[in-house]
Amino acid sequence: MQLQVPAPPSRISGLSYSLVGIIVATAFIIAKLSKRSKLDAIPTVGCSTWLGSWWAGISFVTNAADVIQEGYEKHKAAPFKVASLHRWMVIMSGRQLLEDICKSPDDELSALEATNDILNGQFLVGPEMFHNPWHIPIVRSQLTRNLGTLYPDIRDEVVTTFEETLDLKGNEWKSVPALDTVRKVVCRTSNRVFVGLPLCRNPDWVNLNVLFTVDLVKAGLIIGLFPRILAPLVAGCLTGVTRSIRRGMKHLRPIIEERQKYVEKYGNRGTDQPSNFLSWLIEKAEGSERNTSSNDFTQALYNLAANPQYIQPLREEVESIVRSEGWSKGALAKMRKIDSFLKESQRMEGNAIVTLFRRAIKDVTFSDGTMIPKGTFVAFATQSTHLDSELYENTDVFDPFRFSNALDEDGEGLKRQFVSTNPEYLAFGHGKHACPGRFFAATYLKTMLAHIVVSYDVKLEDSTRPQSSVVGIAIKPNARGKVMFRKRIC
């Protein structure tokens with residue numbers, strides 16, 4: 001039965017609705033944080049009383065990094081719990097607990113259900129789509145396998161978007177907003193592979209894609225403030241995700257219909273069919289990290305502009321390889337300093353304080369004897385691991401060639417690569433649920449950095465690197481920071 005909401009009296013102001021919403025959300029948060037009796041055996045960082053945990057959950061929005069670091073230092077390689085805005089979280093660290101998380105089957109610790117807890121995706125995109133992520137196997141197989149074939153398109157879009165977006169004249173320096181510029185390049189480049197030309201360059205499509213991921217996360221957080229029974233209502237009334245999906249389908253529907261007609265006439269053997277992600281999705285249907293990437297590259301761009309002494313060694317590496325190999329996926333794989341620069345940027349300024357999110361589907365006992373009751377939200381202390389002085393020498397120092405130098409020393413090439421995951425480097429997760437799109441993301445991010453160092457001179461607008469902000473568990477690059485570009489003069 002559909003929930004009917006009566007029309008509000010005209011005398012009730014919007015402020016009144018806001019106050020009612022705040023009261024309902026606050027009461028709900030207190031109720032959720034009060035339900036922790038089964039977690040009492042796990043040590044708490046912060047206050048554990050029902051009222052104190054409520055305040056700790058609100059404070060977590062601004063001091064999450066300090067809270068997680070305190071817990072990491074006090075309970076290293078052991079679990080502890082913290083109160084976040086929406087729930088209690090059990091935080092893990094150490095090799096053994098990481099192995100426990102990665103080896104646990106999905107019917108014990110579910111990554112999908114944890115993602116749904118964060119994004120509330122079933123209320124935003126529908127339960128059928130959210131609980132049946134059939135696009136992931138396509139990312140793992142067809143997309144990753146075809147990166148070499150797709151590379152000319154990837155590079156062409158990187159070059160074209162930078163030229164059009166920067167629009168540099170002569171040898172003059174030009175200041176540009178770093179995050180907005182990177183988002184546009186990442187959006188157009190990824191969409192060149194997802195939907196192809198000309199849609200990937202359509203201004204309305206680009207604008208929609210740039211904003212959609214951010215709006216989706218915001219919407220998930222808003223829904224999480226309310227009781228589950230109100231989630232469909234909140235999703236429809238207080239978020240714009242549904243409208244964005246309809247807006248996107250206005251662009252996609254003609255392409256999908258044209259593609260379906262082609263398949264009906266020629267089957268999947270026609271030579272004129274496009275080879276892009278949308279086509280593979282349609283074929284799959286017939287048969288049965290843009291936001292994170294932008295953040296990652298913005299951090300790398302800030303690091304490059306703040307440390308111009310590293311531009312020349314990067315430039316020399318790229319030019320030497322391109323001179324003998326040309327621009328190709330294979331050539332990109334040999335750019336070890338480019339690879340290391342991006343990995344070190346991500347190590348120091350990742351996207352989140354914690355990753356490897358899981359929700360316990362049943363009671364789970366870890367190898368150290370810790371019992372996690374059904375429904376518990378679990379995460380791993382990623383940032384603290386990345387900044388652990390026992391794992392990385394001079395851990396607080398940005399060392400762009402840390403991983404390429406280590407590769408020369410120990411010869412462990414695969415372990416040191418940007419896309420590789422291991423217990424000391426968890427930016428892409430680890431184990432069977434490691435980010436399946438990291439190979440694609442690494443391809444265009446490395447292309448972007450290589451193109452910048454051989455085509456432009458870069459510096460900060462002022463002498464101070466724009467500082468990141470931390471909101472809850474999310475690490476965000478400075479959205480107001482600016483970087484100056486000019487055409488390379490030597």
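**Close-up views of a predicted model**

Figure 1. Leu 356 touches Leu 98, Ile 101, Cys 102, Val 378, Ala 379, Phe 380, Leu 426, Gly 429 and His 430, with residues up to four places away in sequence left out of the list; a contact requires heavy atoms within 4.5 Å. The model is predicted, with local features requiring pLDDT of at least 70 and side-chain atom pairs pLDDT 80 or more, while totals for chains, interfaces and linings use all residues. Residues are numbered from 1 along each chain as its sequence is written, and side-chain values rest on heavy atoms, without hydrogens or water. Leu 356 has a relative accessibility of 7% and therefore counts as buried (buried, under 20% relative accessible area; exposed, over 50%; partly exposed, in between; 1.4 Å probe, protein chains only). One of its contacts, His 430, lies 74 residues away in sequence, yet the C-alpha atoms of Leu 356 and His 430 are 7.4 Å apart. In the chain as a whole, 49% of the 490 residues are buried, and there are 21 helices and 12 strands (DSSP runs numbered from the N terminus: helices, H or I, at least four residues; strands, E, at least two).

**Figure 2. Asn 351 in the loop between α17 and β5.** The loop that holds Asn 351 lies between α17 (336-348) and β5 (355-360). Asn 351 has 21% relative accessibility, so the residue counts as partly exposed. Beyond four places in sequence, Asn 351 touches Thr 292, Asn 295 and Asp 296, and also Ile 473, Ala 474 and Ile 475. The C-alpha atom of Asn 351 is 7.7 Å from that of Ala 427, a residue 76 places away along the chain.

**Figure 3. Packing of helix α8 with helix α9.** Helix α8 spans residues 147-166 and helix α9 spans residues 178-194; their axes come within 9 Å and cross at roughly 150 degrees. This angle makes α8 roughly antiparallel to α9 (under 35 degrees, roughly parallel; over 145, roughly antiparallel; 65 to 115, roughly perpendicular; the rest, oblique). Axes are lines fitted to C-alpha atoms, for helices over the stretch in contact, with angles from 0 to 180 degrees between N-to-C directions. On the α9 side, the contact involves Thr 181, Lys 184, Val 185, Arg 188, Thr 189, Arg 192 and Val 193. Residues of α8 that meet them include Leu 150, Asp 153, Ile 154, Glu 157, Thr 161 and Phe 162. Taken together, the contact residues of α8 and α9 comprise seven nonpolar, five polar and seven charged (nonpolar: Ala, Val, Leu, Ile, Met, Phe, Trp, Tyr, Cys and Pro; charged: Asp, Glu, Lys and Arg; polar: the others, Gly among them).

**Figure 4. Loops that follow α8 and α9.** Asp 167 is in the loop between α8 and β4 (174-177). Although Asp 167 is not a glycine, its phi is positive, at about 50 degrees. With a relative accessible area of 37%, Asp 167 is partly exposed. In the loop between α9 and α10 (203-224) lies Pro 198. Leu 197 and Pro 198 are joined by a cis peptide bond, with omega about 0 degrees.

**Figure 5. Thr 443 in helix α21.** Thr 443 belongs to helix α21, which covers residues 438-455. Its relative accessibility is 3%, so Thr 443 counts as buried. Leaving aside neighbours within four places in sequence, Thr 443 is in contact with Leu 147, Tyr 151, Ile 154, Lys 329 and Leu 332.

**Figure 6. Helix α21 with α15 and α17.** The axes of α15 (residues 311-325) and α21 come within 9 Å, crossing at roughly 105 degrees; α15 and α21 are therefore roughly perpendicular to each other. In this contact, Ile 311, Leu 314, Arg 315, Val 318 and Glu 319 of α15 meet Ala 450, Val 453 and Val 454 of α21. The contact of α15 with α21 has six nonpolar residues, no polar ones and two charged ones. The axes of α17 and α21 are 10 Å apart, at an angle of about 110 degrees, and these helices are therefore also roughly perpendicular to each other. Here Ile 338, Asp 339, Phe 341 and Leu 342 of α17 make contact with Leu 445, Lys 446, Leu 449, Ala 450 and Val 453 of α21. By class, the contact of α17 with α21 divides into seven nonpolar, no polar and two charged residues.

**Figure 7. Ala 77 in the loop between α2 and β1.** Ala 77 sits between α2 (50-74) and β1 (80-83). Ala 77 is not a glycine, but has a positive phi of about 65 degrees. Its relative accessibility is 45%, so Ala 77 counts as partly exposed.
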